[in-house]
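Here's a quick briefing to read with the structure open. Have a look at the model first, then go through the points below by topic.

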Amino acid sequence: MAREKSKFQKWVKPLASLKIAVFVIVSIGVMSAWGTIVESMYQDAKRAQETVYHSWFSYGIFLLLMINLIAVIVDRYPWKKQHIGFISAHVGIIILLLGSLQTRYFGIDGSMAFAIKESKKQITVGETDLIVYSGLAAGGMRKVFEQEVKFIKNPPAPDNPFEITVGGDSIIIDDYRPYSIPQNKIEPSDKKTDGPALRFQISNDNVSESDWLMLGRAPFDVKNMGPAKMVLSKKGAFQYEDGNVLLIETDGKSETMTYKVFTASKNGETASGRVKAGDSIETGWMGLTFRVLKFYQAAREKWVYEPLEASVEGSVAAIRFQFGGSEYWTGLNSSVRLFSDNAFHVFVFANRQLQLDFALRLDEFRVGRYQGTMRAASYESDVTVLEKGDEILKTTISMNEPLKYKGFTFYQSSFQEDEMGRPNMSILSVNRDPGRFWKYLGCILLVFGIIHLFYFKRRRAK
Amino acid sequence: MISRYWVLLFFVLCGASAGAKTHTFESLPVQESGRVKPLVTVAQETLQLIYGRSKYEGKPALDILTTWILVPEPWVEKEIIKIDHHGLKEALGFSKEKKYFTPKQVSTNQRLNVLLSDLQVRTARKEKLNAYYQAVQRLQGQILTFYGITQGALKVFPPAKETDSTSWLSLREMTETQSEAFFKVLAARATQFVGGTDLEVKQGKEALDIALKNYSNLARDFGGDNYPTHSDMSVEVHYQQLMPFFWTWILYLIATLLFTLSFLTLGPVLAGLGYVVFGSAFLFHTYGFVLRCLITGRPPVSNMYETVVWVGWGVVLFSGLFALVKKRPWIALVGAAVATLCMIVADFAPVILDGTLQPLEPVLRSNLWLTIHVMTITLSYAAFFLAFGIGDYGVFLYLKDRAGNRKKIHELAQVAYHSIQVGVVLLTAGTILGGVWADYSWGRFWGWDPKETWAFIALMGYLAILHARLVGWVKDFGMLAGSVVSFSLVIMAWYGVNFVLGAGLHSYGFGAGGIEYVSAFVGLHLIYVGYGWFVERYNPSAK
C-alpha cells in the first residue's frame, strides 16, 4: 500500500536519515560527557554551561536533532495508528527542546541572600557586567558605561585586552583569574601621606599569635589580644586608662620607636624603652614576649588575588586592569574608586542584579539538626511579601516547600552561619520558568510514546 | 517514623517476647551520628571503621568494644588501626608492607598533625578531597573514634525527660550512680565472655540480666520516652545479627552453580533446584531490604551501598520474570550471577560502600520524590546490568562456537534487547522524574548537573543502539556487544560521578576508592568485547 510520497517528502527524506539520528545521539552524549569533565576539573558548573552546554557546537547539534526529528515525522506522513507511539515520542522531544529554549532565553535563575529582619528586592543572577559610574561636576554620580562580559568564555589577556573609554580616561582590562582567593596584604608605600604599620608577634610557651597594627590616617590603632591590648600610636595621641597595654609610639620619621608597658595589677607603667624591627620586649604578663617583626614608616593595604586551578569555597573571579599608568586587581562583586586628572570614577565588576517589583522580608530562620549533632536535618525561612510597604502575605519556605508569587518561585537553597555556628543568613534560589508547561508536556508525550512504541513492537513481533 | 505496629509484628515474628522493656546487651541504645542505634550496631560499625572487619581475632565486635571501655590501656599497643593508602603510610613514615598499626603509633606520630592541619585547610575551603586526603580524613576518624570510646565518649544515657535537649549523655557526663550502673553491665558481660565453669557462666548470665534490668530502669526513669525500649531496638538488632545480605549472596552463588551444573548434567532436576534456591535468595534479599526500610523509615536507596543492594534485587526481579515468561533457565543463571556480583561487592567493600545506616541530607528528606526518582533510575540500571550479563554470556558463546550456538545467540540478543527496552523506559521516566524533583526542590528542571547528565549520557548510549539496530548496523552480535559496552556509561553515571568526578549537586553521595577495580572491570570487558568484535569481523572462517 505504497502511497506516492509528495515532492516535499522526497526532498526531506535525506534529512530524516536514521544515520543522522545515530550521529546526533552519539554527539550529544560525547558533548555532555565533555561538559561533566570540564565541571569536575574546575569544580565550576558555570564554566561547563558557558563553554560546553551553551556553546555553538551544542546548539548546532540540537538544531540538527530538531531538523532530523521534524523530517522523520514529515517522512512518515500519512500517519497511521501504528505511528502513535513513534510520533508521540519524537514530538515530545521537539516540544521539550522548545520549552528548554524558552526557559533559556526568557527564564530567570537567580538567588537572594538576606539576613534576619532584612527585606530585599534584588535577586542576583549568573551574568556578569562591567559598570562605570562617573562623578559629575555638579556633584553626584552617573552611570556612563555598562556591558555584559563573558570572561570565562573569552578571557581578557595582554594580547586580547578589553578596553573601556569614559570621558577621556581609559580602563584596559588585560588579565583574568577565574578562581582566586582574595587576600589583604600590607606593603610599604612611597606616598608620604600613608601612615605607618607594624607587624608583631606575641607568644609564650603555649600561644603564639601575630597581627598588624596600622595607623592609616587615624592617630592610633588598637588590637585586643585577649588579656592585653597592643597599641600603635602617634606620639602622645593615646592615653592609658586601664588594663594590660603595650604602647608603641612613633614619630613617623625614624625607624626606632619608644614603648611603654602598662600592667593592670600594678596600676601603671612597668617598663619602657626603645624598640625597632627585630627587637623583643618582655611584657611580664604570663611570660609573654612581644616581638616586632616588621615596621614600615608608610604602608598601604592592597588586595591580592592568589590564583587557583579550580573553584573552591570563598574563591572569586578577579580581573587586572590598567588605569592612569597604575595597575589594579579587583574581584567579582567589588568596586574600585579611580581618580584621574580630570575625573572621578567608580568601576564595578559584578553579577547582575535584577529588581523585583515586590520585596521579601526574612522574619525568622531556623535550622533543625539531627539529634546530638550539628548536622543539619532541615532549614526553613519565615518570610513576608511586601508590596509598596504593605504586608501581602506571610509564609514559611522550607526544603521542598517553595513560595510561589507573581510567576516567581522562591526555594530554600542554603544558609550561612556566624563564627559561633548560629545561622544568620538565609539563601533562597529564585526562579521564573516560562517554559515549564512545555517541558512537562513534552516529557509526558515522550514517556507515553516510548512505552507505546515498545509495547506495540512487541505485539507486532509476535 | 517506624510504626509501632510493624515493629511489634516483626518482634513477634522474630520469636522474642513482645513488650519486654529490659534491654539485652546488644539492644542497649546509644546515640551516634545523629540517631539512636543499638550497641551491637555501634560496635560493628566502629570495629569496621577502625579495623576494617566486624571481628577481631575471631571475637565479635561487641566484646571488643566492651574491653576498649573497661580496659583501654592494652589496646593502645595493639595493631588495630587499618591504613590502606600507601601514600599516607609513606607520609607517616610507616612500613608499606604493614596494614595495621597501633593507636599509639598513629597518635604519637609527629607528622600526623601536619597532615591533619592540611586536611583542615582543605575541608574549610570545601575542596574536593583526593584519595590521599580522604585517607587522612579516614585516619582522623579512626583515631578520634578509638580514643573517644576509650575515654568514655559513647553517648549511652538519654537526656532527662523534662528537657528539650536531644543530646544524649556520654559516660563522662553521667552522674556517678548512672555510670556505675552502666559499668556493672559491662563488667557482667566481660565476665561472661571470659568464660569459666558452667556454674560461673550461669551466674554470670544472671548477674548480667540483673545489671541490665537495673540500668534500663534507671535510664527509663530518667529519660522517660527519650529512652527507646528493647522492642524499639529489636528490628535493628535482628538485622545486625541476621546479616541478610551476607546470606543472600551465598544463596545466589549456590543458585548460579546449580544453574551452571544443570547445563552440564541432570538438567531439569538441578535447574528446578536452582530456581528454588534462587527464589529463596530473592525472598531473603527482599526481607533484608524490608528490615532496612523499617529501621530507617525510608526506602534504602540513598547511598552507593544501598543502591548496589537494590540494583541486585532489580536484576533478580527482571531475570526471574524473563526466565519465567520465556522458559529459559539461562536467563535466571545470568541474573543469579550478576546478583552474586552485586551482593559480594556490597558485602566486601565496606570502606568504599558504606553500609552503615546514616541519616539523610536535608534535600533528600522528601520521601516520595526520593523513592520514585532514585528507585526508577536505579531499577533501569538493574535492567541494563541484566543486559550486560546476557551480553557477556552471548559474546562467550560467540567465541566458543558461533555456528553451533546460532539459535541461542539470537535468543540471548533478543532478551538483551528487551531488557534494554525496559531499561530505556525506566531511565527516561526516572530522569524526567528527577527533573520534576529538581524543579520542585531546586527550582530548575534541568541544570546539567553531572549526575543527571551522566544518566542522560547513558540513555543516549542505549538510544544509539536501538536506533542503530533499525539501520541494520547492530545485529545479534552488535546487540550483545553493545549491551556490554553501553553499561560502561551506566557505571560512570552510577559510580563514576560520585567517586571519580566528585562534582555537582548530588554531592551527598560522594566517596572514594575502588577506582582501580572498577576501571579494571570496565577495561577488561571492553577488551573482551573488542576481541569478540575482531573475531566477528576478520575471522569469517569461524562461521
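Start with the helix pair α12(B) and α15(B), whose crossing is left-handed. Keep in mind that this is a predicted model.

**The α12/α15 pair in chain B**
- Helix α12 covers residues 244-264 and helix α15 covers residues 329-348, and the two pack with their axes 8 Å apart.
- Their angle is about 150°, and since anything over 145 counts as roughly antiparallel, α12(B) and α15(B) are therefore roughly antiparallel to each other.
- On the α12(B) side, the residues meeting α15(B) include B:F245, B:F246, B:W249, B:Y252, B:F259 and B:F263.
- On the α15(B) side, the contacting residues include B:P329, B:W330, B:L333, B:M343, B:I344 and B:F348, with B:D347 also among them.

**Nonpolar cores**
- The largest nonpolar core runs to 136 residues, and B:Y381, B:F385 and B:V424 have the most contacts inside it.
- Helix α16 of chain B (residues 367-401) gives this core its largest share, with 18 residues.
- Leaving aside residues up to four places away in sequence, B:F385 touches B:V311, B:V315, B:V338, B:L341, B:C342, B:F487 and B:W494.
- There's also a second, separate core of 60 residues, and B:V76, B:L119, B:A211 and B:A219 are among its members.

**A buried histidine**
- B:H230 sits in helix α11 of chain B, which spans residues 230-242.
- With a relative accessibility of 11%, B:H230 counts as buried, because the cut-off is under 20%.
- The side chain of B:H230 makes a polar contact of 2.7 Å with the side chain of B:S27.

- In chain A, look for the cis peptide bond between A:Y77 and A:P78, where omega is about 0°.
- A:P78 lies in the loop between α4 (56-75) and α5 (84-106) of chain A.
- B:M243 isn't a glycine, yet its phi is positive at about 50°.
- You'll find B:M243 in the loop between α11 and α12 of chain B, and at 42% relative accessibility B:M243 counts as partly exposed.
- B:W448 is another non-glycine residue with a positive phi, here about 55°.
- B:W448 belongs to the loop between α17 (406-441) and α18 (450-471) of chain B, and B:W448 counts as buried at 10% relative accessibility.

How values were computed
Residues are numbered from 1 along each chain as its sequence is written. Chains are lettered from A and ligands numbered from 1 in the order in which they are written. This is a predicted model: local features need pLDDT of at least 70, side-chain atom pairs count only at pLDDT 80 or more; totals for chains, interfaces and linings use all residues. Side-chain values use heavy atoms; hydrogens and water are left out. A nonpolar core is a set of buried Ala, Val, Leu, Ile, Met, Phe, Trp, Tyr and Cys residues joined through side-chain atoms within 4.5 Å. Buried means under 20% relative accessible area, exposed over 50%, partly exposed in between (1.4 Å probe, protein chains only). Helices (H or I, at least four residues) and strands (E, at least two) are DSSP runs, numbered from the N terminus. Contact means heavy atoms within 4.5 Å. A polar contact is a pair of N or O atoms within 3.5 Å; within protein, one must be able to donate a hydrogen and the other to accept it, and residues adjacent in sequence count only if both atoms are side-chain atoms. Axes are lines fitted to C-alpha atoms, for helices over the stretch in contact, and angles run from 0 to 180 degrees between N-to-C directions. Angles under 35 degrees count as roughly parallel, over 145 as roughly antiparallel, 65 to 115 as roughly perpendicular and the rest as oblique. A crossing is left-handed if the near helix is turned anticlockwise from the far one by less than a right angle, and right-handed if clockwise.
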